[in-house]
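Here is a short briefing on one protein chain. Take a look at the model, then read the points by topic.

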Amino acid sequence: MERIEEARRAVTSHDVARQAGVSRSTVSNILNGKGERYPDATHQRVLAAATALDYRPSLAGRSLKSGRSDTIVVLLPNTTFGSNLQDAVDQVVESTGPRAGNVVVRFASETPKATRDAVLALRPLALVDLGVLSPEDRDYLEDRGTIITPRRPLTSTLDGGIAELQADALLAKGPKPLWFAAIADQRDDLYGPYRLAGLREYCAQHGIPEPRQVNVPIDAPGGAAAIRQILAEGAPVGVACYNDDVALALLAGARDLGLRVPEEIAIIGVDNTRVGQLWSPQLSSVDTSFRELISGIASDLRARLDGQIAPPIPTPKFRLVAGGTH
C-alpha cells in the first residue's frame with residue numbers, strides 16, 4: 001500500500017534533486033533556464049533525473065512566485081472565424097512551446113472592462129490580441145505586467161483593400177450589380193462592417209449603384225435563400241463575401257438552384273482557405289497573408305519573452321487568388 005501511495009504522489013523537485021545528487025535550487029535553476037554556471041555534467045544529471053521521474057514543474061507554483069502564470073492568451077473578437085483561427089493558434093503553440101505552459105483561446109466579453117478583468121484573472125505571461133483591445137485597454141494591461149503582441153491594433157490592418165480587390169475582379173468581365181454577403185450569426189461581426197464600408201466607398205468612387213447586403217447562414221438551404229434574394233431583380237450579379245465559408249454556402253445554394261457560376265452569379269470569398277480550393281470550380285478568394293502575419297506575431301512574442309528586440313511585424317499583402325467563380 002505504501003508503494004502504491006508513493007507512486008500516486010506527484011513527483012517534486014526534491015525527488016529530482018535527490019536522484020541527481022544535487023540541491024533543489026540547482027534543479028530549479030537548470031530547469032528554468034538559469035543554469036549557466038553549472039557544468040554540463042550537472043545539467044545532464046538533472047535532465048536525466050527529471051526525464052526518468054517524469055517530473056512536471058508546477059505552473060501554480062511558478063505563478064505564485066512571479067505573480068503571473070505560464071499561460072499565453074490568444075484574444076479574439078466574439079465573432080465567427082474560419083479555419084485560419086486554428087492555424088493561428090497552432091503557430092503560437094509551436095513558437096512558444098518551450099516558454100509557456102499552455103495557450104488559451106479567449107473570446108472578448110460583452111464590455112471592454114469585462115474583457116480586461118477576464119484577462120487579468122488568468123494572470124497571463126503574454127497576450128496575443130487579434131483585434132479586440134483599444135489602445136487604452138492595451139495600456140491598462142501592460143501597466144499590470146502583461147506582454148501584448150502585436151504592438152498596434154490589427155482591425156484595420158486585416159481589412160484594408162479587400163473590398164477593392166473583390167470589386168475589381170467581380171467587374172472585370174463587365175458591369176453588374178454588387179452585393180456584400182455577410183455571415184448570419186448571433187455574435188458580433190468586427191470585420192464585416194469594414195468590408196461593407198470599403199465596398200460602398202468603391203462604388204461611390206466609380207459611380208456605380210450602392211451595394212446591397214444579404215446575411216447568409218452557413219448551410220445550403222440558407223445559401224439558396226440568399227441567392228434567391230440576390231437574383232430577385234435578375235442576373236448577372238457579383239457578390240463580395242465576408243469569408244470563404246459564406247462564399248461556399250452561396251455556391252452550394254447556386255448548385256442546388258441549377259445556376260451557372262460565374263455567368264449568372266460571380267462570387268469571391270476571403271481567406272483563401274484550403275476547403276475553398278476543393279470546390280469545383282475552384283473558389284476565387286482574397287488571400288490576406290494571415291499565416292505570414294501570425295508568423296510575424298509569433299516571432300515578436302518569442303523575442304519579447306526572451307528579452308530581445310524583434311523585427312517589425314510585416315504588414316499583410318493582400319492578393320486575389322483567381323479561381324473559376326468570378
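The briefing below covers the whole chain, its sheet, and a few single residues.

This is a predicted model, in which local features need pLDDT of at least 70, side-chain atom pairs count only at pLDDT 80 or more, and totals for chains, interfaces and linings use all residues. Residues are numbered from 1 along each chain as its sequence is written, and side-chain values use heavy atoms, with hydrogens and water left out.

**The whole chain**

- The chain has 13 helices and 10 strands. Helices (H or I, at least four residues) and strands (E, at least two) are DSSP runs, numbered from the N terminus.
- Of the 326 residues in the chain, 46% are buried. Buried means under 20% relative accessible area, exposed means over 50%, and partly exposed lies in between (1.4 Å probe, protein chains only).
- Take the contacts between residues at least 6 apart in sequence: 71% of them join residues at least 24 apart. Contact means heavy atoms within 4.5 Å.

**The sheet**

- Six strands make an open sheet with mixed pairing, in the order E6-E5-E7-E8-E9-E10. Two strands pair if DSSP finds at least two bridges between them.
- Strand E6 (212-216) and strand E10 (319-321) stand at the edges with a single partner strand each, so one side of each has no neighbour in the sheet.
- From one strand to the next, the twist averages 25 degrees. Axes are lines fitted to C-alpha atoms, for helices over the stretch in contact, and angles run from 0 to 180 degrees between N-to-C directions.
- Strands of a sheet pair through backbone hydrogen bonds, either parallel or antiparallel.
- Strand E5 (residues 178-183) pairs with E6 in the parallel sense, over five bridges. Here Phe180 stands opposite Gln213 in E6.
- Helix H9 (residues 162-170) packs on the sheet. Its contacts include E5 and strand E8 (265-270), and the direction of H9 makes about 155 degrees with that of E8.
- Helix H10 (residues 192-205) also packs on the sheet, touching E5, E6, E7 and E8. The direction of H10 makes about 175 degrees with that of E5.

**Strand E8**

- E7 and E8 pair in the parallel sense over four bridges. Val239 stands opposite Ile267 in E8.
- Six of the six residues of E8 are buried, so E8 is largely enclosed by the rest of the structure.
- In a regular strand the side chains alternate between the two faces of the sheet.
- Ile265, Ile267 and Gly269 point one way from E8, while Ala266, Ile268 and Val270 point the other way.

**Two loop residues**

- Thr146 sits in the loop between helix H8 (135-142) and strand E4 (147-149). Thr146 is buried, at 6% relative accessible area.
- Not counting residues up to four places away in sequence, Thr146 touches Pro124, Ala126, Leu127 and Leu141.
- Asn272 lies in the loop between E8 and E9. Asn272 is buried too, with a relative accessible area of 14%.
- Beyond its neighbours within four places in sequence, Asn272 has contacts that include Asp244, Ser285 and Arg319.
- Asn272 and Phe290 are 18 residues apart in sequence and 9.6 Å apart in space, C-alpha to C-alpha.

**Charges over a ring, and cysteines**

- Arg116 lies over the face of Tyr140, 4.1 Å from the ring centre. Arg144 lies over the face of Tyr140 at 3.7 Å. The rule: NZ of Lys or CZ of Arg is within 6 Å of the ring centre and within 35 degrees of the ring normal.
- There are zero disulfides, a disulfide being a pair of cysteine sulfur atoms within 2.5 Å.
- Cys203 is buried at 1% relative accessible area, and Cys241 is buried at 0%.
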